[in-house]
Amino acid sequence: MNAKRLTKPKENVQQLQEKLGHAAKESKKRRFHALYDKVYRLDILWEAWRKVRANKGSAGIDGETLADIEKQGEMFFVHECHRLLKEGNYHPQPVKRHYIPKKDGKQRPLGIPTVRDRVIQMATKLVNEPIFEADFQETSFGFRPKRSAKQALERIRKTCNRKGNWVVDVDIQGYFYNINQEKLMKLVEMRISDRRILKLARKWLGAGVMEEGNVRRSDLGTPQGGVISPLLPNIYLNYFDLLWERHGNTVGELTCYADDLVVICKTRKDADWAFQLIQAIMQLLELTLHPTKTRIVGLWTGEEGFDFLGMHHRKTKDETSKGQVYYTTQQWLCRKAGERIREVVKERLAPPSMRHKSFQEHVEYLNPKIQGWRNYYYTAYSQKKMAKLDWYILQRLTRWYAKKRQRSRWMSTLREMKSLSTRGGLKTLL
């Protein structure tokens, strides 16, 4: 490994990605066969480690944390990954199962791979992602470089305003857990012929989940929580995007964000036909549409709307400066998004254990979150909802302050809290 590569890993990765992406675009049928040696290049692995470290995250089943690796020596860790891959002795460990409680009482399963597995997955993703990016459609926005949920929302708003009056709102039932692994690997093999890369992918798919001391393996689904997790499902659903481009593009405009997708049509007839085509393609992929969450929504009367990526979309009447009435698509944060924001604030400020914290500590915790919520959810049509959330945050802070000061009536503390919030630099959603 020459010294120049190790001093500029980020630039080297970008150059390699540009080269691979260009080659993939030049020939849509080209299969890449010499990739594995790039995955274990020290500069690639070093950049992979840097990205995994920046993403933070906890330890997998081996208990090894990011801090442990930093303490032992980062360069030693990267060289060890290099050696294991080069010698063919790398074997991923099962993913640690962790559950996050949901509001409805159910639990959302989350997978936590080991740090080593995350780094090697990241290196593999850095090398392989540009190849598949060349094939992904313009309709897809989820977990892709230089693409975002905000761009997907803007596409939907513009499509609805171009006489898009009917929406097929699609919910795929348990998408990530029901992907057919054999079909997924066939789609991967259409671009990758390097047997060692394919073997790596199969190892991750078959690594299984460690839960209560037992390892469970399945022929369905992709590894959750891993760095490679978003790329593999995107490859699988790209088959849907391609078939839609071929057979459904004339009846409706598709917008996808991972497993969330909507098709916007001009007429009810088009929407019905689109629904049938979606069902047919999903059957080919061995996926099932949720029977109650998948529906056709009529926007043209303004009586119905739909939720997508945390925003509610609805056509409502508006007026020009000359008083002319017209319908336009408005977007504001959906009910569930508002509830989630309230939950985050309440979980921080309501517990008695939080009373020993200072006001400034709460501000430092809340401000980045408030800024993030504002950046994503603020629109000209969400101002009333944002104002209500601002009031909720102020109210929660006032309740916290009153209990900290052992005051029985929190409303009498409201004016003091408003002043304290202004002086303390608390951000607002409006």
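This is a predicted model: local features need pLDDT of at least 70, side-chain atom pairs count only at pLDDT 80 or more; totals for chains, interfaces and linings use all residues.
**View 1. Residues around the largest cavity.** The lining of the largest cavity is made up of 13 residues, and those closest to its centre are T124, N128, A201, I228 and L232. When the lining residues of this cavity are sorted by class, 11 are nonpolar and 2 are polar, while no charged residue is found in the lining.

**View 2. Elements that contribute to the largest cavity.** Two or more lining residues of the largest cavity come from each of the elements α7 (115-133), α11 (195-206) and α12 (231-247). The element that gives the most to this lining is α11, with 4 residues.

**View 3. The second largest pocket and its central residues.** The second largest pocket holds about 1,100 Å³ of space. It is lined by 36 residues, and the ones that lie nearest its centre are Q17, K125, L126, E129 and P145. Sorted by class, the lining of the second largest pocket has 14 charged, 12 nonpolar and 10 polar residues.

**View 4. Elements that contribute to the second largest pocket.** At least two residues of the lining of the second largest pocket are supplied by each of α2 (9-26), α4 (42-55), β2 (107-112) and α7. The largest share of this lining comes from α2, which provides 8 residues.

Technical notes: Residues are numbered from 1 along each chain as its sequence is written. Side-chain values use heavy atoms; hydrogens and water are left out. On a 1 Å grid over the protein atoms alone, a cavity is a set of points where a 1.4 Å probe fits but cannot get out, and a pocket is an open set with protein on both sides within 12 Å along at least five of seven lines; lining residues have an atom within 4 Å of a point. Ala, Val, Leu, Ile, Met, Phe, Trp, Tyr, Cys and Pro count as nonpolar, Asp, Glu, Lys and Arg as charged, and the others, Gly among them, as polar. Grid points are joined across faces, edges and corners, and a volume is the space filled by probe spheres set on the points.
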